[in-house]
Amino acid sequence: MSGYIETFRAVVYPWHCDHQGHMTTMHYVGMFDAAFWHLLSAQGFTRAYMAEHKTGFADVSDTIQYLAELPAGSPLAIESGIIKLGTTSVVSFNRMRETETGRLAATSEKASVYFDMERRRKIPLPADLKAGMEARLVAREAV
């Protein structure tokens, strides 16, 4: 696997929209969050892996840029990639596109720390999974 991968696909339904007729911000956040978990799973941090090791991820920042409106009926897809790794942290870049036109609708840059769920503190990323992620780092796209 190299580069960005598809991590989420959906259609904007009327209940995703606000009174102005386009998808409201809370649904962008939810869709980007779902995409992030698919990205982590593809990197080896599956639900089973994290349950076995009693670990997880805690978000520390998320910056979303809203670039184009998505009205009800818009099909969309999110592609994601890891752009930076720290000792305990992962930074991903996620791009949401309206799939019929290819138009970039929004981006999300999310920083998360690897977390010991019992001790409730950040811990170093496992060396083997980190090495795999380092081999698949992508460039953050300018918007």
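A surface patch is made of residues with over 30% relative accessible area and no salt bridge, nonpolar side chains (Val, Leu, Ile, Met, Phe, Trp, Tyr) being joined within 5 Å and like charges within 9 Å. A salt bridge here is a side-chain nitrogen of Lys or Arg within 4 Å of a carboxyl oxygen of Asp or Glu. The model is predicted, so local features need pLDDT of at least 70 and side-chain atom pairs pLDDT 80 or more, while totals for chains, interfaces and linings use all residues. Residues are numbered from 1 along each chain as its sequence is written, and side-chain values use heavy atoms, without hydrogens and water.

On the surface, V11, Y13 and W15 form a nonpolar patch with about 330 Å² of accessible area together (Shrake-Rupley method, 1.4 Å probe, only the protein chains shown counting as cover for residues). W15 lies in the loop between β1 (5-11) and α1 (25-42); helices (H or I, at least four residues) and strands (E, at least two) are DSSP runs numbered from the N terminus. W15 counts as exposed because its relative accessibility is 61%, where exposed means over 50%, buried under 20%, and partly exposed in between. D18 is also placed in the loop between β1 and α1, and counts as partly exposed because its value is 22%.

The interior may be considered next. A nonpolar core is a set of buried Ala, Val, Leu, Ile, Met, Phe, Trp, Tyr and Cys residues joined through side-chain atoms within 4.5 Å. In the largest, of 16 residues, F45, F57, V90, Y114, L125 and M133 touch the most other members. The helix α1 gives the most to this core, with three residues. A second, separate core of 15 residues includes V12, Y28, F32 and I78.

Technical notes. Buried means under 20% relative accessible area, exposed over 50%, partly exposed in between (1.4 Å probe, protein chains only).
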